[in-house]
Each structure stands twice: as C-alpha cells, then as structure tokens.
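Hi,

Here is the structure I promised to pass on. My notes on its charged pairs and surface follow below.

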Amino acid sequence: MYLKEINSLTDLFFYQVEKQSPTSIFLEWLNPKNKKKLTWEETSSNIHKLAKILKENINDGDRCLLVSENRPEWLISDLAIMLANGITVPAYTTYTESDYTYLIEDCQPSVIIVSNNEMHEKLKNIIKEKIFIKKVITFEKIEGVSGDKYLDFDSILKRKLLENEKIKNSNLKRTSVACIIYTSGTGGNPKGVILSHGGILNNLEGACEILKPLIDKRPVFLTWLPLSHSYEHTVQFAQIAVGAKVFYAEKIEKLLDNISEAKPTIMTAVPRFYQNLYNKINMNMKKAKGLKAKLIKATIYLGKKELLKQKMNFSEKLMNFIVSVLVRKKVKKQFGGNLKAFVSGGGALDKEIGEFLNAIGLPTLQGYGLTETSPVVSCNPIHKIRVETVGPPFKGNQVKIAEDGEILVKGENVMLGYWNKEEDTEKVLKDGWLYTGDIGEIDSEDGYLKITDRKKDIIVSAGGDNISPAKIENQLGNSPAIDQCMVYGDGKNYLVALIIPNKDFKEQKEKINEIVNEINKNLTLVEKIKKFHLINENFSIENGLLTPTMKVKRNKVIAKYKNILENFYKN
C-alpha cells in the first residue's frame with residue numbers, strides 16, 4: 001500500500017493533490033455567514049502561502065497553537081505548520097482562559113493561530129504577557145489589535161507566490177513530530193501527547209482497510225467533532241488518503257440540517273451522539289400505532305437477527321426485504337440517504353444502542369483507541385460487525401492482554417511520549433508497550449477485542465467488590481427520561497447516583513424511581529442503585545463537569561456535590 005512509502009502527512013496531501021482534478025471541490029464550510037468552497041488546487045496554494053509566512057517566524061520544531069472551530073482554514077493551518085517544520089498544538093475552543101494559560105505555558109508556542117474575536121478574547125491577555133509568542137495569525141479581522149505581531153489570513157492569501165517560493169520539505173521523516181495533542185483528561189491537568197507523522201500514517205492504513213468496502217464512488221464526510229480531538233484529527237488525514245469531499249458542519253445545533261445538505265457517506269461521532277440519537281428515534285417509534293408499529297417491531301427483530309448472522313426462514317427473509325424498503329430506507333433518508341456507516345469512537349458504545357442502530361438500517365462500526373495510539377487501535381469491519389466488541393486490531397499494531405487484564409499496545413502508532421513529562425511517559429511506556437489503563441479480552445476465534453472495564457474508573461466497594469460505574473450509567477442513560485447520570489460509591493457499602501432527568505421528566509421523581517428499580521432488576525446485588533438524587537444543572541463543558549469529548553469529570557462532579565453524596569450514607 002502506498003501509505004507505507006510516504007514519509008509525512010504533508011507528502012500524503014501533495015501526493016493526493018497530484019491525483020485529483022485541480023478544479024474538484026475538496027473542502028466546503030456549511031456556515032451561511034461565511035460560505036466557503038475550496039478546490040484541491042486552492043487548498044494546496046493556501047497551504048504553501050501560509051507555510052512561507054510561518055517559516056519566516058518559527059524555527060524547526062517550534063510549537064504553533066491552533067485555536068479554531070472546524071472550518072477549511074483548520075486543515076490548511078495544520079498542514080502549513082507541518083510543512084514549515086513546526087509542530088501543531090490543537091486546542092479546544094471550549095477551553096477557559098486558565099486552560100489556555102496552562103497549555104501555552106507548557107508548550108510555549110512561537111505562533112498562535114486563532115479563528116475569531118470570541119476565541120481571541122480568551123487569549124489576548126496571555127498573548128500580551130508571553131514574550132515567546134512571536135506572531136498571531138487570525139482567520140477573521142480582530143477588533144482593537146494592531147502592529148506587526150498580528151497578521152490576518154486574507155492578507156496572507158492575497159500575496160502572490162512564485163513557484164520557487166514553495167517550500168519543499170524533505171526533512172520530515174516518519175519519526176518526526178507531527179503534533180502535540182493534549183488529552184482532555186477526566187482528572188488533573190491535560191497531558192501533551194506527542195504523535196509522529198509515521199504514527200498517524202500507520203493508523204491510516206487500518207482506517208483505509210475499514211473504509212474500502214464503504215466506498216463505491218468518491219466518499220463524502222461531514223466533519224463536526226472538534227478537530228482538536230485526536231480521533232477527528234486523524235479522520236482528517238483519512239479523508240485526504242481516500243480523496244474525499246469534506247463538509248464542515250456549521251454548529252452542533254444545525255447538525256441534522258447539515259446532514260441533509262451534505263448527504264455524507266461516512267460520519268464519525270462519540271457514543272453520547274449515538275445515545276441521544278437512539279433515545280430520539282426510539283421515542284418517535286414508540287408513538288407509532290397499528291401496522292406502522294408492527295413494521296417497526298419487525299424491523300428491529302429481523303435487523304438484529306441479520307446482524308447476529310442468525311438463520312431466517314423464507315417468510316422472515318421476505319419480511320426483512322419489505323421493512324428495508326418501508327422503514328430502513330426512510331430512516332436513512334433522514335441522514336441524507338447516502339450514509340454507508342457511522343463510526344463510533346472516543347468511549348464505549350452501549351451494546352443495546354449498537355444493535356438497535358444496525359437493526360434499523362444505520363450500520364454503526366464501533367472502534368477503540370486512545371490519543372496515545374494516534375488514536376485507533378481496532379475497529380469493527382462492515383462485513384462482520386460484533387457490537388459487543390471493538391473489532392480486530394489494525395494490522396499496524398500489536399495488542400496483548402497483561403496478566404491483570406490490562407490492554408497493551410505496541411507499534412508505530414504509539415506516541416513518542418508526553419511533552420515535558422518524562423516520569424508520566426515511563427509509567428505507561430514500558431519496552432515499547434503502551435499500558436492503556438483499559439481492561440479487556442481478545443476473542444480466540446476472531447481475534448476481536450472486547451473492552452470490559454477501565455482500570456482507573458472502577459469502583460471498589462467497602463466489601464472489596466470491583467464495580468464498573470460505566471455499565472450502570474449506560475443502562476440509566478439509555479432511558480429517554482434520563483439525560484445524564486453519575487454513579488458513586490468507592491469504599492462505600494452500596495451505590496448511589498446523581499441523575500439529571502430529561503426536561504419532560506423534571507417533576508416526575510416517581511417515574512425516575514420506576515426506571516431505577518427496573519434497571520436494578522438486571523444488576524447484581526453490589527451493582528444496584530440504593531439511593532439517587534435529581535439535579536437540575538446538566539454536566540457541561542462550560543461548567544467544567546464534562547471534557548470536550550463529553551466524558552464526565554468524576555472528580556469535579558464529586559467535589560461539587562460532595563455534601564449530597566456523603567449525606568446518602570449518613571442514615
């Protein structure tokens with residue numbers, strides 16, 4: 001495969017530019033206030049222009065902080081930084097000023113690339129203070145700034161670039177640092193994960209194998225997960241590798257409208273998206289009556305049979321064909337009509353949700369990875385989906401299970417280390433093996449990997465029982481009446497929960513009680529929820545209780561609701 005022969009992510013892009021029609025649209029932003037369409041040739045030219053400016057302002061290996069919502073300039077900046085021999089440091093737009101201060105002091109960027117006024121407001125005080133910041137490049141005009149330190153994107157793109165001014169970077173090797181991606185972290189300060197060009201290219205080999213059977217013509221992607229997340233960051237290069245057309249969503253609130261417009265063939269998302277989707281579709285389906293209700297029931301029943309490769313008799317096969325036309329086709333139409341697969345990563349997808357989505361005609365491939373593995377370790381292939389697993393490991397890495405059940409990963413895709421954190425690096429990288437902190441098993445028949453627990457998130461009860469809070473939280477979260485929840489009980493005699501009900505169930509404690517009792521019936525004695533408390537405020541990125549990848553920051557939630565949680569155990 002050609003990816004093995006490519007030395008850098010910039011080489012990958014320019015290789016693909018040569019193959020594509022120069023007038024073919026590559027990037028499109030679905031923002032009505034700032035509509036943008038860029039061809040492969042225009043994208044290439046813009047990368048060269050920005051790289052030339054960056055080269056004048058950075059030394060080899062200098063860090064460049066990139067703070068922007070998803071838009072075409074994101075990809076242009078990322079590749080231009082690499083072409084100029086810099087290192088991209090992406091940062092979430094949802095960070096607070098103190099988060100940015102920590103990141104900037106840790107990686108000391110020479111250049112900051114920032115999208116707009118709103119983002120700049122959070123950064124302007126830090127920019128003034130830090131003398132190591134030589135240049136600030138902005139995608140849009142920023143109010144109240146002047147001087148040589150600031151440069152806007154439009155003025156860079158207006159400059160003429162002669163052929164001999166184009167940077168030909170042959171210094172980059174597969175071992176060269178491509179980016180430092182800070183883990184969002186459910187506790188403590190984020191760590192900067194150093195990823196190499198070869199690590200991401202190695203990951204793309206496995207990604208392209210997964211994508212191959214899903215592509216019968218030029219694929220279309222809709223990008224909406226933050227590009228600062230390692231998952232979507234690598235997806236960006238998978239899009240280049242398969243010569244896709246890429247749409248950037250306007251914002252999450254407009255996602256369904258954007259899906260109708262873009263008509264994507266592939267969409268990537270985190271489990272929280274699929275949980276919301278499951279609840280929404282389920283609630284609509286439950287409203288169906290008569291024949292419609294029977295067709296929906298048959299769709300789910302027969303779809304699960306097909307997914308699990310169970311034999312069907314002739315009448316079942318006929319009925320499965322009928323519901324594919326009458327039900328599944330309509331479901332797919334709501335997602336643009338061309339969707340070949342959802343890909344789920346960034347956390348565990350509940351088995352029930354995976355089965356349901358696949359059964360109703362939305363093939364959903366669950367994968368597994370970490371920022372530290374560039375990021376994908378394994379993924380389910382479309383021809384053999386096993387929803388209770390995260391699929392077979394990509395060929396580019398080795399996976400084994402340690403004696404205590406921890407998943408260990410080795411390969412070119414494994415990070416080079418944590419930035420400025422030698423001790424932390426040594427704790428997780430031993431003899432080339434990355435200790436993931438996840439517990440799992442490998443199926444002896446198919447070699448599929450199954451995640452059974454998270455080492456750090458296990459609750460150990462007062463009786464010494466190991467309990468997975470995620471298992472219980474997933475079951476609670478699958479109820480349309482419950483928006484979010486967190487299970488608590490480390491070192492305690494029993495488990496309790498904080499529950500945020502859906503807005504339609506805020507005054508219905510009795511209904512929530514029924515749901516908890518129903519879920520308790522399927523749990524072991526030590527897993528049962530004995531008490532719960534309803535809270536009105538959602539866990540969110542803004543209030544610091546969710547990471548940018550929608551994971552609950554347990555330590556922050558526990559600190560905020562300490563009195564309520566401890567009062568559970570006083571009677």
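Arg554 and Glu473 form a salt bridge through their side chains, at 2.7 Å from N to O. A salt bridge here is a side-chain nitrogen of Lys or Arg within 4 Å of a carboxyl oxygen of Asp or Glu. Arg554 sits in helix H17 (residues 554–560) and Glu473 in helix H15 (residues 469–477), so the pair ties together parts 81 residues apart in sequence. Helices are DSSP runs (H or I) of at least four residues, strands (E) of at least two, numbered from the N terminus. Both Arg554 and Glu473 are buried. Buried means under 20% relative accessible area, exposed over 50%, partly exposed in between (1.4 Å probe, protein chains only).

This is a predicted model: local features need pLDDT of at least 70, side-chain atom pairs count only at pLDDT 80 or more, and totals for chains, interfaces and linings use all residues. Residues are numbered from 1 along each chain as its sequence is written, and side-chain values use heavy atoms, without hydrogens and water.

The structure holds 27 salt bridges. Another one joins Asp446 and Lys384 (2.8 Å, N to O). Asp446 is in the loop between strands E20 (433–442) and E21 (449–454), Lys384 in the loop between strands E15 (376–379) and E16 (397–401), 62 residues apart. Asp446 counts as partly exposed because its relative accessibility is 24%. Lys384, at 32%, is also partly exposed.

Glu518 pairs with Lys521 in a salt bridge, with the closest N and O atoms 3.2 Å apart. Lys521 has 59% relative accessibility, so it counts as exposed.

A salt-bridge network links Lys36, Glu69, Arg71, Glu73 and Glu140.

Best wishes
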